[in-house]
Amino acid sequence: MEEVEEIKFEELDDILDDDEELEEIKEVKDCSFNKFYAPIRSLFSSDSQLLDKFSLCNDHMERLRFLVEMEVVKNCLADIKAEREVISADQLPEPSPADPLQWKTVPKLSYGPNKKYPHLSKAVEVKSSTTEGRYMVAKQKIVPGDVLMVDTAYSTSLFEDYYKSHCNQCFIRIKEEPVNCPTCNTQRMHDTNYLRVHRWECPVLEYVDSKDIGRMATLAYRIVAQTGFNYLSNQAEQFESMEPTYKENDYISVFKQEDNMSVRPIGDHLKRCVTGLILTR
């Protein structure tokens with residue numbers, strides 16, 4: 001058997017210094033939702049009077065005002081720092097002239113479009129109730145294979161597990177050289193148009209796309225980023241009175257979705273309010 005040469009302990013430093021392929025071990029920052037939510041949840045769990053006061057709030061705006069006055073919430077939010085700078089407008093490449101790729105041919109609606117809901121077939125009618133929210137009822141005979149809804153998403157979100165393999169805009173598997181985000185280098189896409197929304201989430205992507213915050217957090221953040229802060233802040237008081245058109249890129253159609261707020265437990269309201277504060281921080 002070949003004799004193995006023994007390496008003395010004091011020689012290890014010289015060997016490591018000479019090895020240029022060794023990468024520097026970087027400290028991984030904990031940006032998980034539970035890191036910020038745990039102390040807040042713990043306080044409410046141990047103080048029933050505090051939880052009762054929170055439960056008496058009439059809506060989320062009142063709940064948010066209640067939370068931001070708490071010292072534990074202030075401390076948690078103070079720890080949230082941007083990991084990168086926002087991509088400036090002059091750093092954005094020219095928009096790609098081509099439309100996003102389609103993974104399959106979009107089918108046509110059976111029986112034609114609904115007058116009020118252009119993305120629905122006129123074979124169905126939309127009704128609403130206080131207990132069930134909105135639901136569809138057939139207006140005529142519908143057979144298997146009929147296409148009753150063809151809609152374009154207001155915003156989309158790709159799960160983190162597929163960042164390296166799929167386009168963040170069209171979700172098609174990337175086979176050619178992709179366009180990478182110039183700052184976080186984790187988002188890949190077929191063209192540059194997606195960067196105009198991603199630029200706002202890029203500095204806080206680790207917080208927004210944390211698995212324990214929930215899959216909907218990234219989508220909610222992108223809806224706000226895509227709609228624009230100026231529009232949302234200037235029109236916020238009018239949203240309740242505005243009627244949705246249910247046409248493409250209509251934010252009010254998103255805003256007027258059923259939220260089932262009255263049936264959610266108080267613990268869910270607490271988590272969602274803390275989520276909202278983290279996402280807007």
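How are helix 2 and helix 3 oriented to each other, roughly parallel or roughly perpendicular? The axes of helix 2 and helix 3 (residues 48-55) cross at roughly 105° and come within 5 Å. The two helices are therefore roughly perpendicular to each other (angles of 65 to 115 degrees count as such, under 35 as roughly parallel, over 145 as roughly antiparallel and the rest as oblique). Axes are lines fitted to C-alpha atoms, for helices over the stretch in contact, with angles from 0 to 180 degrees between N-to-C directions. Helix 2 contributes Leu-43, Phe-44 and Ser-46 to this contact, and helix 3 contributes Ser-48, Leu-50, Leu-51 and Phe-54 (contact means heavy atoms within 4.5 Å). By class, five of these residues are nonpolar, two are polar and none is charged.

The model is predicted; local features need pLDDT of at least 70, side-chain atom pairs count only at pLDDT 80 or more, and totals for chains, interfaces and linings use all residues. Residues are numbered from 1 along each chain as its sequence is written, and side-chain values use heavy atoms, with hydrogens and water left out.

The chain contains eleven helices and four strands (DSSP runs, H or I of at least four residues for helices and E of at least two for strands, numbered from the N terminus). Of its 281 residues, 32% are buried (under 20% relative accessible area, 1.4 Å probe, protein chains only). Contacts between residues at least 6 apart in sequence were also examined; 55% of them join residues at least 24 apart.

Helix 2 (residues 33-46) also packs against helix 5 (residues 71-78), with axes that come within 9 Å and cross at roughly 175°. Helix 2 and helix 5 are therefore roughly antiparallel. Phe-36, Pro-39, Ile-40 and Leu-43 of helix 2 meet Val-72, Val-73 and Cys-76 of helix 5. This contact has seven nonpolar residues, no polar and no charged ones.

Ser-32 lies in the loop between helix 1 (12-18) and helix 2. Its relative accessible area is 19%, so Ser-32 is buried. Beyond its neighbours within four places in sequence, Ser-32 is in contact with Ser-210 and Asp-212. Ser-32 and Asp-212 are 180 residues apart in sequence, yet 6.9 Å apart in space, C-alpha to C-alpha.

Strand 1 (residues 124-129) and strand 2 (residues 133-138) run antiparallel and are joined by six bridges (strands pair if DSSP finds at least two bridges between them). A hairpin of three residues links strand 1 to strand 2. Within this pair, Lys-127 stands opposite Tyr-135 in strand 2.

Notes: Buried means under 20% relative accessible area, exposed over 50%, partly exposed in between (1.4 Å probe, protein chains only). Ala, Val, Leu, Ile, Met, Phe, Trp, Tyr, Cys and Pro count as nonpolar, Asp, Glu, Lys and Arg as charged, and the others, Gly among them, as polar.
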